[in-house]
Amino acid sequence: EPTKIVIADDHPLFRSGSRQAIEAESSFTVVGDAAGGGNALQLMTGFRPNVAILYPGLAKSAWARRFDR
């Protein structure tokens with residue numbers, strides 16, 4: 001089963017480039033991407049990804065720390 005990844009960044013070019021690079025590897029799949037924290041939270045709770053790539057401001061937020069394992 002591929003590793004599930006969520007990408008959250010406010011730059012669309014970063015999100016699309018990251019998705020392309022990640023999905024070039026068959027052992028990874030991007031289950032969703034978001035431009036902001038609200039959408040990222042929905043993706044994180046809905047898909048329960050193995051990995052989340054978060055922009056720095058979002059990674060430091062209180063809700064992101066809830067997902068830290």
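Start with the charged side chains: the count of salt bridges comes to three, a salt bridge being a side-chain nitrogen of Lys or Arg within 4 Å of a carboxyl oxygen of Asp or Glu. Side chains of opposite charge can pair when their charged atoms come close. The model is predicted, so local features need pLDDT of at least 70 and side-chain atom pairs count only at pLDDT 80 or more, while totals for chains, interfaces and linings use all residues. Residues are numbered from 1 along each chain as its sequence is written, and side-chain values use heavy atoms, with hydrogens and water left out.

**Stop 1: the salt bridges**

Select Asp33 and Arg15. They form a salt bridge in which the closest N and O atoms are 3.3 Å apart. Asp33 lies in strand 2 and Arg15 in helix 1, so this pair ties together parts that are 18 residues apart in sequence. Helices (H or I, at least four residues) and strands (E, at least two) are DSSP runs, numbered from the N terminus.

Is Arg15 buried or exposed? Arg15 counts as buried, at 13% relative accessibility. Asp33 is partly exposed, with a relative accessible area of 33%. Buried means under 20% relative accessible area, exposed means over 50%, and partly exposed is in between, using a 1.4 Å probe and protein chains only.

Asp33 is in strand 2 and Arg19 in helix 1, so the pair ties together parts that are 14 residues apart in sequence.

Arg19 forms a salt bridge with Glu23, with the closest N and O atoms 3.4 Å apart. Arg19 and Glu23 are four residues apart in helix 1, and about one helical turn separates them. Both are partly exposed: Arg19 has a relative accessible area of 25%, and Glu23 has 38% relative accessibility.

With these four residues shown, look at how they connect. Salt bridges that share partners join Arg15, Arg19, Glu23 and Asp33 into one network.

**Stop 2: the sheet**

Switch to a cartoon view. The protein has four helices and three strands, and along the sequence the pattern reads β-α-β-α-β-α-α.

Select the strands. In what order do the three strands form the sheet? The order is 2-1-3, in an open sheet with parallel pairing. Two strands pair if DSSP finds at least two bridges between them. Strand 2 (28-34) and strand 3 (51-54) are the edge strands, each pairing on one side only. Neighbouring strands of this sheet are turned by 20 degrees against each other on average, direction ignored. Axes here are lines fitted to C-alpha atoms, for helices over the stretch in contact, and angles run from 0 to 180 degrees between N-to-C directions.

Zoom in on strand 1 (residues 3-8). Four bridges join strand 1 to strand 3, and the two run parallel. Select Ile5 to find Val51 of strand 3 standing opposite.

**Stop 3: two helices on the sheet**

Show helix 1 (residues 12-23) again, this time with the sheet. Helix 1 packs on the sheet and touches strand 1, strand 2 and strand 3, and its direction makes about 170 degrees with that of strand 2. Contact means heavy atoms within 4.5 Å.

Next, select helix 2 (residues 37-47). Helix 2 lies across strand 1, strand 2 and strand 3, running at about 145 degrees to strand 2. Which residues of helix 2 are buried? Ala40, Leu43 and Met44 are buried in helix 2. They cover an arc of only 100 degrees around the axis, which puts them on the same side of helix 2; the arc is that of the directions from the helix axis to the C-beta atoms. Turn to the other side of helix 2 to see Gln42 and Gly46, which are exposed.

**Stop 4: Val6**

Return to strand 1 and select Val6, which has its place there. Val6 is buried, with a relative accessible area of 0%. Not counting residues up to four places away in sequence, Val6 touches Val31, Gly32, Leu43, Met44, Pro49, Val51, Ala52 and Ile53. Val6 and Ala52 are 46 residues apart in sequence, but their C-alpha atoms are 4.8 Å apart in space.

**Stop 5: the whole protein**

Zoom out. Of the 69 residues of the protein, 30% count as buried. Among contacts between residues at least 6 apart in sequence, 57% join residues at least 24 apart.
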